Amino acid sequence: MNTVNFVSIPGSILPDQEILVFDDQRLTYAALNDLIARLAATFRQLGLQQRDVIAILDTNSHMYVASYYAAAKAGLTFLPLNYRAKDPELEYMINTAKAKVLLTGDRYVDLVNRISGKLPGTRLAAIGQGDGRMPRLTDLLASVEPDETEAEVEDEDVSVLMYTSGTTSLPKGVMLSFRDFTAYVTANVEMADGTERGTFLVCAPFYHIAGTTAMMTNVWTGRRMIVMPQFEPRSWLELVQGEKVTHAFIVPTMMKQVLDDPAFATTDFSSLTNLAYGGAPMPVAVIRRAIEAFPKSVGFVNAYGQTETTSSLTVLGPDDHRIQGSPSEIELKLKRLNSIGKPLPDVEIRVRGDDNNFLPPGQVGEIIIRTPRIMKGYAGREDDAALAEGWRATGDLGWVDDDGYVFFAGRKDDMIIRGGENIAPAEIETVLMSHPAVDEAAVIGIPSVEWGQTVKAFIVLRPGQKASTADLQEFCRTRLASFKRPEEIAFIEALPKNPLGKILRKELHAREQEQAQAQH
């Protein structure tokens, strides 16, 4: 199935329904389909042929959404670029993908002009006003007739080439096929039929899998989509109230900023029924605060997934976020609040040990998964995480309890080995963040002649709070085994993170290496 049908099929049934809102642009299905058809004609006018790659570097917009569907309509591969990437990373992604055209937002025109000499096979086009040196989409659109033809694609053709964040190495190009997205969308939401489906607020960037799947599931199910160019807490609160948002997805750092914003107390959340979060581990203290602060009518959902699996694998639903009942029931709910939920119907999850055998409930090992929507592969490289019989290694550590709830214990690559003992940073971070003075914590292993590695914690204190290294070490003494306690603690103003809130441990490691070199 060509994913442009996510728009064209509901649009043929409900042409006058408003489906996409961005700034002052309010598009019905009919208007969005017309824009898609004209963009598809424009892409062909630019010389693009089926299976060619078209890249985009911009923040979220209605044109971003339409450009993806126009690419699908023309049978192209869409490459959404991380607008926070550095010049060499952008050059690497664009050139290795062999992008024939790069659509450029106004704020990135200078950057693209700066690297254009190193993009020999790529034509440039401006999404906005541009700078006069590259053709503008608005001018090109005015000179074409809508192209109503739809490319016949194969299920395995690559619809989206999405580069991972590259938190530990160069970004990997994840090839997601038309089949992958069709399997995800049609299995998780019903097609629009005119019944009220509500309003979804999109603030995750479209270059991330959470943003991409949002633009697909919502147009297919007929849920009006409000698009933010980038997340900003005050604007988010204003849109929830003003547009009567019913559904939204945010990451842990966004949740905290929303709760901290002074406007939170006066925002009308009466329309909001579903608030999903994911993209990075959610501190239990933050989600408990959110459960207490938002109206009881808001149902929280924790979603865990990967780019390579076309988004969500497990979900912790609203019922598991309602902390009520008898003392034993409340204790169980609080325990499960630390989990990432249960697998979706089309997902199998197991935990394997170092000997590659499946582990019983309660034992920590690597989470492996099997689902029909695993990526086609990595562009230009082998998938070293592929396992026999359709299983795939996630690189995440965790365990499963007796009731099938999955618990996350950190990245396998982040594991600290101190004197032969394996230490998961997430366990130490959870303890540190339970201290009343600690806002955020990140833990890494640093080289040690005696132990191989020792534990170092980076701490961000809450505004107005104080704590010393001795205070935190004493706090850990009664809560962690001796070999897990941080030997070193550094207080910093902010942790390095990617836009979705994942801690960039490689930057913390780089900081340590620079300090070590300076001392020598």
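A residue is taken as buried when its relative accessible area is under 20%, and as partly exposed when the value lies between that limit and 50%. The model described here is predicted. With a relative accessibility of 15%, D439 therefore counts as buried.

D439 is paired in a salt bridge with R462, and the closest N and O atoms of the two are 4.0 Å apart. This pair links distant parts of the chain, since D439 belongs to strand β23 (residues 438-448) and R462 to the loop between β24 (452-461) and α14 (469-477), 23 residues apart. In contrast to the buried D439, R462 is partly exposed, at 30% relative accessibility. Both residues are also members of one network, in which salt bridges that share partners join K256, D260, R289, D439 and R462.

In total, 36 salt bridges are counted in the model. Among them is the contact between the side chains of R224 and E18, with an N to O distance of 3.0 Å. Here too distant parts of the chain are linked: R224 lies in strand β10 (residues 224-227) and E18 in strand β1 (residues 18-22), and 206 residues separate them. R224 has a relative accessible area of 15% and is therefore classed as buried. E18, at 28% relative accessibility, is classed as partly exposed.

A further salt bridge is formed by D34 and R38, whose closest N and O atoms are 3.1 Å apart. Both residues are in helix α2 (residues 29-45); because they are 4 residues apart there, about one helical turn separates them. D34 is partly exposed, with a relative accessible area of 32%. R38 also counts as partly exposed, at 24% relative accessibility.

Four strands form an open sheet in the order β16-β17-β19-β20, and their pairing is antiparallel. β16 and β20 (406-411) are the edge strands, each of which pairs on one side only. On average, neighbouring strands of this sheet are turned by 50° against each other, with direction ignored.

Within the sheet, strand β17 (residues 365-370) is mostly covered, as 5 of its 6 residues are buried. Strand β16 (residues 348-352) runs antiparallel to β17 and is joined to it by 5 bridges. Along this pairing, R350 stands opposite I368 of β17, and V351 stands opposite I367 of β17. In a regular strand, side chains alternate between the two faces of the sheet. The pairing of β17 with strand β19 (residues 392-400) is likewise antiparallel and comprises 4 bridges. In this second pairing, G365 has G398 of β19 as its bridge partner.

M1 is located in the segment before α1 (5-13). Its relative accessibility of 30% is the reason why M1 counts as partly exposed.

Note on methods: Residues numbered from 1 in each chain as written. Predicted model: local features only at pLDDT ≥ 70, side-chain atom pairs only at ≥ 80, totals over all residues. Heavy atoms only, no water. Buried < 20%, exposed > 50% of the residue type's maximum accessible area, 1.4 Å probe, protein only. Helix = DSSP H or I, 4+ residues; strand = E, 2+ residues; numbered from the N terminus. Pairing = 2+ DSSP bridges. Axes fitted to C-alpha atoms, helices over the stretch in contact; angles between N-to-C directions.
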